[in-house]
Amino acid sequence: MRSYYINNGKENGGPFTLEELKKQDLNKASLVWYQGMNEWKNAQDIEELKTFFAVVPPTIKRSIPSPEIEPIKKSTTILGLKKSHFFLTLLFLSIFAAVLVLNVIQNNKRSELDLKNKQTEFSNEKITLEQNEFNEQRIQDEIKKRIALENNNLRRRDSINSRITEIKALLIDNKNQFENTQKDFTDAEKFTFFRSENEKLEEMSLLQNDLQNIKSQISQLQNESDRLYLQLETIH
């Protein structure tokens with residue numbers, strides 16, 4: 001009994017008997033060798049192995065005749081109506097439903113637009129009312145400011161006029177006092193009885209100082225009066 005060896009391209013396998021060789025994964029190009037061969041041969045070139053690759057035709061399957069199916073008779077009516085009438089009715093209902101839905105949508109849009117317009121009108125009226133109130137408040141504030149300014153100017157005018165009146169009275173008094181002092185100075189200069197020369201000079205010096213003080217007071221009062229008259233001109 002021969003012993004066969006096979007080579008898968010990397011290593012050898014075997015020995016195998018012919019029955020064991022049938023169980024190996026052989027193809028026509030598999031390399032096989034047994035003792036007595038000069039070189040490795042393809043499996044299809046070895047006589048006893050040719051039967052491994054014989055083609056076995058498939059078995060014939062008998063076809064089973066299919067049963068005859070009776071054609072289904074198409075119905076010519078739908079829900080008791082002829083097909084033409086049914087489809088015409090369906091088309092009419094579809095159009096009616098579409099028109100109804102469209103009307104509902106348009107009514108909803110019209111209602112939304114009316115609501116938006118009313119809201120816009122209300123918002124505009126509110127803004128106008130608030131603007132009017134703001135303008136009225138500004139007018140009232142301006143009137144109050146003018147009244148306060150007029151009252152303040154009136155008080156200032158009254159105060160200045162009162163002070164000018166006081167200054168006029170003081171100027172009259174000072175001028176009268178100046179005239180009297182000047183007269184006393186002239187009399188002291190001429191009077192020579194019952195006093196020494198030093199007493200005379202001392203009295204004249206005191207009267208001279210009084211005259212200078214009175215002049216200074218008159219000048220200050222006149223300057224103050226001039227400033228007050230200028231202030232009166234700036235008060236409207």
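Visitor: Thr-181, buried or exposed?
Guide: Thr-181 counts as buried, because its relative accessibility is 9%. Buried here is under 20% relative accessible area, exposed is over 50%, and partly exposed is in between, with a 1.4 Å probe and protein chains only.

Visitor: Before I go on, what am I looking at?
Guide: This is a predicted model, where local features need pLDDT of at least 70, side-chain atom pairs count only at pLDDT 80 or more, and totals for chains, interfaces and linings use all residues. Residues are numbered from 1 along each chain as its sequence is written, and side-chain values use heavy atoms, with hydrogens and water left out.

Visitor: OK, back to Thr-181. Where does it lie, and what does it touch?
Guide: Thr-181 lies in helix H2, residues 83-190. Leaving aside residues up to four places away in sequence, Thr-181 touches Leu-207, Asp-210, Leu-211 and Ile-214. A contact means heavy atoms within 4.5 Å.

Visitor: What about Val-104, which helix is that in?
Guide: Val-104 is found in helix H2. Val-104 counts as partly exposed because its relative accessibility is 41%. Together with Phe-92, Leu-93, Phe-96 and Leu-100, Val-104 makes a nonpolar surface patch of about 520 Å².

Visitor: How are patches and areas defined?
Guide: Patch residues have over 30% relative accessible area and no salt bridge; like charges are joined within 9 Å, and nonpolar side chains (Val, Leu, Ile, Met, Phe, Trp, Tyr) within 5 Å. A salt bridge is a side-chain nitrogen of Lys or Arg within 4 Å of a carboxyl oxygen of Asp or Glu. Areas come from Shrake-Rupley with a 1.4 Å probe; for residues, only the protein chains shown count as cover.

Visitor: New topic: what's the order of the elements?
Guide: From the N terminus, the protein chain runs β-β-α-β-β-β-β-α-α, with 3 helices and 6 strands. These are DSSP runs numbered from the N terminus: helices are H or I, at least four residues, and strands are E, at least two.

Visitor: How do the strands line up in the open sheet?
Guide: The open sheet has 4 strands in the order S2-S1-S3-S4, with antiparallel pairing. Its edge strands are S2 (12-16) and S4 (41-42), each pairing on one side only. Strand S1 (residues 4-7) and strand S3 (residues 31-34) are joined by 4 bridges, and Tyr-4 stands opposite Tyr-34 in S3. Two strands pair if DSSP finds at least two bridges between them.
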